[in-house]
Amino acid sequence: MIVKFKKTHPDAVVPSYAHPGDAGMDVCACAALTIPPGGRALVPAGLVMELPPGTEAQVRPRSGLALKHGVTVLNAPGTIDEGYRGEIGVILVNHGQEPFCVTAGMRVAQMVIAPVLRVDVETVADVSGTVRGTGGFGSTGV
């Protein structure tokens with residue numbers, strides 16, 4: 001399967017897998033910016049992508065940024081639909097106590113390409129029962 005990337009910024013880095021067997025490709029920033037504690041920012045990647053039909057790109061946090069700095073992807077996982085042709089951006093939030101400096105070329109997220117299942121929607125008068133039933137938030141205990 002081929003995913004096409006077009007650079008829209010000279011400092012853009014095309015996503016790649018760091019290790020064989022990795023699920024996610026590293027997504028890098030193409031500009032420098034600072035996110036204050038409690039703040040959020042749209043970090044540009046400087047790329048436009050073309051996904052194969054029937055797929056999506058999921059933008060996910062990097063565990064190291066979350067653990068070391070309290071920085072994560074705000075709408076994780078963010079979805080890039082196959083028909084989107086605008087610039088890729090990553091919404092980062094700084095839950096840490098110090099300003100977080102993003103530099104051009106910094107790995108700020110990871111991208112997983114996944115198949116999309118399309119469904120037909122049907123409105124019904126009732127749905128089938130299950131053992132769990134309506135048990136929701138906290139229903140299985142601690």
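Two residues are in contact here when they have heavy atoms within 4.5 Å of each other. The structure is a predicted model, in which local features need pLDDT of at least 70, side-chain atom pairs count only at pLDDT 80 or more, and totals for chains, interfaces and linings use all residues. Residues are numbered from 1 along each chain as its sequence is written, and side-chain values use heavy atoms, leaving out hydrogens and water.

First, the overall layout. Starting at the N terminus, the order of elements is β-β-β-β-β-β-α-β-β-β-β-β. With a radius of gyration of 19 Å, well over the 14 Å that the globule rule gives for 142 residues, the protein is more spread out than a compact globule. That radius is taken over C-alpha atoms, and the globule rule is 2.2 Å times the number of residues to the power 0.38. Among contacts between residues at least 6 apart in sequence, 71% join residues at least 24 apart.

Now for the inside. Buried residues account for 33% of the 142; buried means under 20% relative accessible area, exposed means over 50%, and partly exposed is in between (1.4 Å probe, protein chains only). A nonpolar core is a set of buried Ala, Val, Leu, Ile, Met, Phe, Trp, Tyr and Cys residues joined through side-chain atoms within 4.5 Å. The largest one holds 27 residues, and Met49, Val90, Leu92, Val102, Val108 and Met111 touch the most other members. Strand E11 gives the most to this core, with four residues. Setting aside neighbours within four places in sequence, methionine 49 is in contact with several residues, including Phe5, Ile80, Met111 and Ile113.

Leucine 42 is exposed, because its relative accessible area is 58%. Arginine 40 also lies in E4 and counts as exposed, since its relative accessible area is 62%. Even so, arginine 40 has contacts beyond its neighbours within four places in sequence, namely Ile35, Leu74, Leu92 and Val93. The C-alpha atoms of arginine 40 and threonine 72 are separated by 9.6 Å, with the two residues 32 apart along the chain.

Definitions and conventions. Helix = DSSP H or I, 4+ residues; strand = E, 2+ residues; numbered from the N terminus.
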